[in-house]
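Q: I'm new to this structure and would like a close look at one part of it. Please show me the whole thing to start.

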Amino acid sequence: MRLEIKGLTKRFGSFTANDQIDLVIEPGEIHCLLGENGAGKSTLMNMLYGLLTPTEGEILLDGAPTDFQGPGDALAAGIGMVHQHFMLVPVFTVAENVMLGHEKTRGAGILNREAARKQVRELSERYQLHVDPDALIEDIPVGVQQRVEIIKALAGNAKILILDEPTAVLTPQEIDELMGIMRELKAQGTSIIFITHKLREVKAVGDKITVIRRGKVVGTAPPTASEAELAEMMVGRSVELAVSKENKIGGDAVLRASNITVVDPRGHLVVKDVSFEVRGGEVLGIAGVQGNGQTELIKSLLGLVKPDAGKIELEGKDISRHGPRQSLAEGIGYVPEDRSHDGYVGSFSVRENLVLDLYRTKEFSAGPALKLDAITANAKHRIEEFDIRTETPETPVASLSGGNQQKVVIAREFSRPLKVLIASQPTRGVDVGSIEFIHKRIIRERDQGTAVLIVSTELDEIYALSDRIAVMYDGRIVATVSPDTPREQLGLLMAGATPEVSA
Amino acid sequence: MTDVLTPPAATAPEPSEPQVRDRADVRRQVKLLMVLGIVLLAEIWFKLKIDDPQVSHLFKGPRTLENQPVEFSGTPISWTAVAITVVALLLAALNRYPRRVGGVVLSVLVGLGFYGAFLMWAYADPSGAFAPAITSPIPGTIRIATAIVFGALAGVLCERAGVVNIAIEGQFIAGAFFGSVFSSFAVANIAAIPIFWCPVFGMLGGILAGVGVAALLAFFALRYHVDQVVVGVVLVAFGYGITSFLLGQIPSDQKATLNNPQLLETVEIPVLHKIPYIGEPLFGQNLLVYVMYLSVPLVWVLLFQTRWGLRVRSVGEHPKAADTVGINVNRTRWQAVLLGGVFAGLGGASFTLNTGAFDKEMTAGFGFIALAAVIMGRWHPVGAAFAALLFGFLQNLKDQLGILGDKVPGDLLSALPYLATIIAVAGFIGRVRPPAADGQPYIKSD
């Protein structure tokens with residue numbers, strides 16, 4: 001099926017998310033849509049999928065204009081979508097999720113579960129997806145969940161498959177598998193629209209590349225284009241893809257964790273006997289696929305959860321039983337994994353968010369009263385220093401872009417003298433320009449002698465920052481390696497291979 | 001060659017799991033020990049307080065000259081209860097208390113033992129000249145539980161679709177009022193309806209009222225995204241207010257034709273009602289009770305075996321996922337809430353069609369107990385129905401013990417079902433997981 005988009009425009013109030021987009025997807029091609037977060041890729045796809053109504057322009061399928069009232073219409077027309085955040089019901093089985101919306105029944109509305117299972121098995125076999133129709137979604141790994149999403153789209157007879165940032169949650173091995181699946185789908189005639197901001201993937205699998213910036217198509221490129229060229233098209237200026245830094249062997253251990261074990265509220269052992277140390281003036285990167293215990297480990301270091309066993313020492317002092325306030329006061333800087341959840345208060349202004357963990361100090365308060373002038377002065381200073389793009393210091397943080405929200409969090413955490421910096425996913429959902437800036441600031445903090453602990457699921461980030469890399473898998477640190485370890489080997493470790501196998 | 005700085009247990013075959021006993025598990029054991037300890041102490045106290053263990057029971061039919069209560073000694077029952085509890089306590093102390101089905105069976109046994117020991121104490125040594133006999137708890141339990149089961153089914157349907165329904169009490173009171181009015185009106189004014197079917201007409205009135213309140217809930221919650229708990233509470237107050245007001249508007253000379261409902265007649269189910277002990281109380285009931293029996297499996301089939309049910313549960317768990325496969329989230333929620341209204345209305349109608357004229361605030365918080373049954377039954381129609389039966393049982397126990405005089409303080413007795421509700425919801429059920437999107441309005445961007 002040939003998909004043609006002509007002059008598609010979407011406005012939200014005065015904001016134009018998509019401006020006169022033209023795009024042609026030929027049958028059986030993998031068309032990459034490259035752009036930064038917030039460039040308008042998702043808006044465009046949501047219009048294609050019937051979730052949003054275009055303000056102007058039209059979508060043609062095999063030359064015939066379409067008018068989608070909802071996702072049901074798009075599905076019926078042969079457009080399937082795998083969303084960035086999976087659209088799967090966690091307490092349903094694979095088969096139930098696949099049949100949802102177009103259930104086969106035995107009459108009288110009674111579900112025909114056997115037919116659904118059979119369909120899942122057939123599609124799973126045909127495209128080598130290895131999915132068990134009776135598994136509960138909440139019990140299977142994200143990589144498999146994604147394949148369930150693909151089966152869901154294929155079960156609806158999708159001729160055009162939209163993959164929205166499909167690699168964000170996968171291990172390098174799973175990414176390779178996904179690319180294999182994409183090639184297989186292409187060979188069987190399905191067109192794929194592959195949305196990403198990762199240049200490596202685009203070059204590996206794309207037939208055609210369209211770059212979007214600020215809601216507009218800024219150009220197309222063949223997959224042979226260099227990463228630097230693509231990055232420049234995407235950001236609008238040349239960017240340094242790697243932070244220049246010298247690897248260092250750190251000094252004395254500043255933060256030492258011994259035999260940390262954490263049991264989550266559901267009774268699962270999520271961190272298992274983890275020990276490591278971070279030395280002053282080095283960056284320890286913790287690599288691993290999302291959900292292997294990193295979140296809980298980091299929270300236990302700050303005192304947001306109490307470890308069920310083990311000891312955390314800061315410069316030799318036991319802080320295992322400290323709460324977050326004490327830990328922050330001891331000189332730990334903390335950039336949380338999900339900034340909107342525990343990084344800032346969205347409805348508070350930039351000015352207020354910049355002193356969220358400092359307002360108690362003499363600098364910003366006198367008794368019960370806040371020193372508002374000092375807080376404003378601080379805000380002006382930080383906004384300039386960290387290049388936070390906000391209209392005024394009074395603007396609520398929720399209305400800033402993701403990159404600038406993250407800069408607010410970073411600026412706040414960096415405005416105290418730190419012994420240890422713990423940053424989890426420091427650049428998630430942040431544009432390329434801001435990534436560059438945030439990385440430079442982290443390295444500068446390291447060079448001042450701070451012990452830095454970075455948790456990231458992005459290998460690029462781990463490589464860019466780390467002096468040593470610890471790999472977490474299934475609640476354990478399975479290996480600690482140097483940053484010149486090849487990517488494939490790190491990928492194997494992240495997937496649970498034991499060190500001997502990988503060596 | 002890679003520089004592996006710290007190869008962790010490189011030669012060890014498989015790292016062993018660190019031995020940390022889960023805190024939730026420890027809490028469970030401590031809780032069990034405390035509860036069983038209290039139960040055991042109470043049972044021993046009950047036994048020691050009995051001077052003369054002779055009690056009597058009357059399980060078949062009313063007391064007549066031929067049908068006299070049978071005397072028996074309560075001692076074996078008291079000691080059996082103590083023995084069961086001791087076994088359970090030992091198992092808990094050794095952390096060998098069974099889980100899943102075994103645990104439920106043992107807990108039920110302990111509960112039955114406690115009930116027995118308590119009854120022996122309560123009925124032994126009568127304070128007055130007249131010695132009341134122990135009678136079957138089943139008929140009263142069923143009668144009281146009917147409304148609660150219907151209410152709980154309404155709650156399950158709504159909450160599975162992601163709409164919190166605090167308004168069950170409001171649906172009850174409206175259903176009770178219109179059940180009475182419809183039944184009375186049919187008797188007095190519609191000659192075409194045979195007298196047996198007049199209360200059925202009343203049931204229809206209850207359904208309309210329940211669906212009406214449900215429609216208000218859906219309208220505010222789904223269309224205007226008003227906080228569902230707030231809407232629910234407001235609808236309860238509204239239900240109380242409007243029915244009191246309408247009751248006051250009935251002229252005194254019209255009372256006989258508008259608030260004098262024909263009651264539901266007892267219909268004995270052939271064969272089944274002849275089963276000894278349980279046949280008569282279970283199958284010698286009225287139509288509404290049989291509708292209740294059928295409604296529980298019906299709702300189960302609807303929710304878990306049909307296309308509609310799959311969709312309802314999907315919009316209650318992950319509405320966006322449902323939307324992306326073309327399911328109309330709000331329409332599905334509307335359907336579930338309105339269908340819930342049918343059941344809640346029937347539950348309301350049972351108040352007047354079982355007992356007589358409508359009186360203001362006669363539903364006495366049973367709608368909230370139904371809500372507790374939803375939670376205790378883990379949002380499952382069958383579980384909720386059993387929880388509702390438990391509350392009905394306790395309410396009935398209160399009624400039965402009321403005639404015993406001053407042995408059990410009356411005020412404490414009337415608080416019993418509510419006390420049990422709090423304990424059940426707060427502690428006993430452990431961790432329960434509501435539908436993920438329960439109470440969250442689904443707002444589509446355009």
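What distance separates the centres of domain 1 of chain B and domain 2 of chain B, taken over C-alpha atoms? After that, please walk me through strand β7 of chain A.

A: Those two centres in chain B are 32 Å apart, taken over C-alpha atoms. Domain 1 of chain B is 23-62 + 69-124, and domain 2 is 138-428 (bounds from an automatic or database domain assignment). This is a predicted model, where local features need pLDDT of at least 70, side-chain atom pairs count only at pLDDT 80 or more, and totals for chains, interfaces and linings use all residues. Residues count from 1 along each chain as written, with chains lettered from A and ligands numbered from 1 in written order.

Now for β7(A), which spans residues 160-164 (a strand is a DSSP E run of at least two residues, a helix an H or I run of at least four, numbered from the N terminus).

What about its neighbours? Pairing takes at least two DSSP bridges. Strand β6(A), residues 79-82, runs parallel to β7(A) through four bridges, with A:G80 opposite A:L161. Five bridges tie β7(A) to β8(A), residues 191-196, also parallel, and A:D164 has A:I195 as its bridge partner there. Between β7(A) and β8(A) the chain passes through helix α6(A), residues 172-187, in a right-handed β-α-β crossover (clockwise from the first strand over the helix to the second, with the strands pointing away from the viewer).

Methods:
Buried ≥ 20, exposed ≤ 12 C-beta atoms within 10 Å, placed from the backbone.
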